[in-house]
Every structure is written in structure tokens, then in C-alpha cells.
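Hello,

Here is the structure I said I would pass on. My notes on its charged residues follow below it.

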Amino acid sequence: MGRSLWGLGLVLAAGMAAAAPRTDIVVGMQLEPPHLDPTAGAAAAIDEVTYANVFEGLTRFGPEGQVLPGLAESWSVAPDGLSWEFTLREGVTFHDGTPFTAEDVVFSFERAMADESTNAQKALFAGINSVNVIEDTAVEIGLDAPKATLLSNLAWGDAAIVSPASADGNKTHPVGTGPFKFSNWIQGDRIELVKNPDYWGEPAKLDKVTFKFISDPTAAYAAMMAGDLDAYPVFPAPENLAQFAADPRFSVIVGTTEGETILAMNNARPPFNDIRVREAVAHAIDRKAIIDGAMFGYGTPIGSHFPPHNAAYEDLTALSAYDPAKSKALLAEAGYPDGFETTLTLPPPSYARRGGEIVAAQLRAVGIVSRIVNVEWAQWLEQVFKNKDFGLSIVSHTEPMDIEIYARDDYYFGYHDPVMKSLIWGLDRLPEQADRDEVLRAAQERIASRYVNGFLFQLPKTGVADARIEGLWVNAPTQADDMTAVHWQE
């Protein structure tokens, strides 16, 4: 009898061990990052891996878009709004053991603002005239003028704090202060992170996170069904979501993103330097057909570069309503009665490739022949974003509150507008949100009425995960796969 009970105890113990929750996760991604330094590149995939996981800033975005303390535990602003003092957390170390101090903040910001900086969002630091150490755990940021967006600007991945000891190597071996440490990168396949045992804050619940690159929608579906992936936060095949939803093994997570998906036009190159041509392109586009055909109904039509979930949003879709007859008339007025030819350069995401086929057909119907050129992400960044060598392109801008890009003379779509610059310049100097919302609506109207780009839809966040996983973000207030609170059900 005793032997039998002892044996039964072994069986029960084995069953309990088998039921213990997993401490690793495999996450699917559409694009492989070109490198892993968020302060030196524009690719969203960099932040998808590193934001909040590996690197941290003075502030950070929470899952609902709120600005939360990061490496700064608190802050205060001077009565005149011209300086901010940040109190830094104590006992923080970088993954290589280097202590985090105010000197690292000064180094990081001066590096980002330097003339030779490769930071893709240097505009975040515009108006900062000094960054000074008060003591090891306090830093002061001086401003040319009050800057209401400072805290949210510092929450971007581009404003992450890096160490002078490791900054030069962050592209291939990132060293941050976050709850996960970089472990391995198998080019073309996966990136692996492991738990940081010395993290200053709430420890990660996972011991290991693997980001696996699967861009092909069919392969992504097969990998999820086979259990090779545990989660795919932005699933590339919306046509499969209904199948996942009907399967109790999975949960389908549908939320919003900051991603304005646009048909970018090269405003600096003929014929798109003519507002009549840009308006003709806008009226040739049937947004519903694109959302239905490329996104299987997921996505919200937009008429300007602004997210519908924002309180300051204004629905301007009527300004560029689908009207092929008006499009043809505008082309004739601009001197193109028979249309013209151009290129349509498409990066890898399925919204771009699938949407591009539909857009090309719609443009062809009004006489615009757009030759599709499919490129990889690194090539798109070099050719379109950096060298501005394109006619048309489709891309989703996933950065938060990024309408200010329309006030940048050097931005890739080549739009120059002193009125827009004045609107954005004044925005930061308004402390009241109601006043700021009014300016934001005026900015939306400005770019919509000048048909700077073709505004298509707000990219949805359509994710799939094993139903036992908790803590994944529903919405995407920034371009991140934040794993800090993710865990398996117990």
C-alpha cells in the first residue's frame, strides 16, 4: 500500500511539473530589423524588438498611450516653461554592468542632436538648448521656448538612453537598461532576448523571448497553426482571423495603431509638384475597396494624417472622396488629358503589396499608369526615405503624433509649407489641450486641402496569440512589442 501511494505521489508530482506555465515565448514579426539601435534608424522593426524590452528612455508610453515614468521617476517644469528637471532612478545599471547616471542622459541627447547624428527623429529634440547634470540622479533640460510635447517626445524609442561605453556597438549587440538583455541574432531567422536578472524595476515574467521573422502570410498562418509561433501581434493575413477566432486554442486581438497608411507622393518631383495632379490622385482612390481587398475589412478610412481615436481627430475623407470623373478633369486641367506614367514603390508589408495592386488598378482607370516596384525594407529606406527617389509609394507611418513631419522641409515626400511650419511651431507653445486640439485640427485641414499625400486608412492592430498568453498590448500607441508584462496563464 505504501509503495502504491509513493508511486501515486510521483505521478501527481510529474503532472504538476508538466502543468507549470512556460517561461519562454516565440513572437512572429513581418520584417527583420536592419539593426538594433533605435537611436540610429527609422525602421519600425527596431522598436518592435527593443522598445521597453531592451532600451528605456526618461519616459515611456503605456499600453493605452499614456506617458509614464521611465528612467526618470519624476520631473518638474520651471514656471516660465523654459527648463525641466528630471529626477533619475537610483541603482540602475546597463546590461554590461555600467551604472546609469545623469551623464548618460547628457551623452545620449547630445549624441542625438549632433550634426553628424543618424537619429531618424532629430526633430524630437528641436528647441532643446542644453542638457546639464545637476547631480548623478538629476538632470536639467533647457529649452528655447516652452515645449508641451517634451514628455511624449522623450518617450519615443529614438530618445532611448544609451551608454558611452556601448553606444557604438548597439546596432549589432544592443546594451540597454531594460528588463530583457540581448542574447542572439540569427540573421534572416530570429532575435533572442533573455531576462535581465539585475533589472531595477518589476522583473519580467518571461525568461526568454524569441522574435521570429515570417513575412509571408501563408507561412505565418501555418506557423501559428503548428505551434511554431506563440503570438503574432500584427498578423499579416487578416483573411485568416476568422479561422483563428473560431479555434479555442487562439485569441484574436484587434486594436488600434498610430499607423496612418498613406499613398505617398513625391511633392518635389513633377507631376506631383502640381496640386491639381495630387488632388486627381486622391480622387482616383477608393478607400473602401482598398480596405476590403487588402485588409479584409479591417482598417478605418482617413482623410488626413491623423488617427481617428485621437480626441482632436477631424473626419476629412469627404475632401478626397472617390470621384474618377473629377480625377480625369483635374488631370486634363493640369495638362495630362491622357494621364502619365510613374512608379509605385512598395515595401514588403502585406498592406503595401496588396494595397498597391488595388491602387495601381484604380489609378490606371483614370489614366495614371503606375509601374509597381517591389523592394525590401532596407532598399525602401535607402531609396525612398533617404534619397527620395520615387514617384508614389505606400507606407504606414506608425510613430505617435507625427503630423509634425509635414513641417519638415527635408522629409521624404518633399512638402514645403510655411503655414504648416507655423502651426507646428505654435503647437508646442500652447499649454492648454483644448487650444492644442484646435491647432491640430487646423493642421489636418491644411494637409488634406493641399492633397500632400493620398490618405488611405488607419492601420489596425490585428494580432493572434495562444489563448493562454496574457499581457500583450491590445493597441499600439507606439511601434513596440512590449514583453514586459507578458506571461502564460498559471
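Arginine 22 and aspartate 230 form a salt bridge, with their closest N and O atoms 2.7 Å apart; a salt bridge here is a side-chain nitrogen of Lys or Arg within 4 Å of a carboxyl oxygen of Asp or Glu. Arginine 22 sits in the loop between helix H1 (2–18) and S1, and aspartate 230 in the loop between helix H5 (217–226) and strand S11 (231–232), so the pair ties together parts that are 208 residues apart in sequence. Helices (H or I, at least four residues) and strands (E, at least two) are DSSP runs, numbered from the N terminus. Arginine 22 is partly exposed at 32% relative accessible area, while aspartate 230 is buried at 4%. Buried means under 20% relative accessible area, exposed over 50%, and partly exposed in between (1.4 Å probe, protein chains only).

This is a predicted model, in which local features need pLDDT of at least 70 and side-chain atom pairs count only at pLDDT 80 or more, while totals for chains, interfaces and linings use all residues. Residues are numbered from 1 along each chain as its sequence is written, and side-chain values use heavy atoms, with hydrogens and water left out.

The structure holds 21 salt bridges. Two further pairs lie within helices:

- Lysine 288 and aspartate 292 have their closest N and O atoms 2.6 Å apart. Both are in helix H8 (residues 287–295), 4 residues apart, about one turn of the helix. Lysine 288 is exposed at 56%, and aspartate 292 is partly exposed at 36%.
- Lysine 386 and glutamate 382 meet at 3.9 Å, N to O. Both belong to helix H11 (residues 377–386), again 4 residues apart, about one turn of the helix. Lysine 386 is exposed at 52%, and glutamate 382 is partly exposed at 40%.

There is also a network of salt bridges that links Asp189, Arg190, Glu192, Lys208 and Lys212.

What does aspartate 37 touch, not counting residues up to four places away in sequence? Its contacts (heavy atoms within 4.5 Å) are Ile46, Arg111, Ala167, Asn170 and Lys171. Aspartate 37 is in the loop between strand S1 (24–29) and helix H2 (44–50), and is buried, with a relative accessible area of 2%.

Regards
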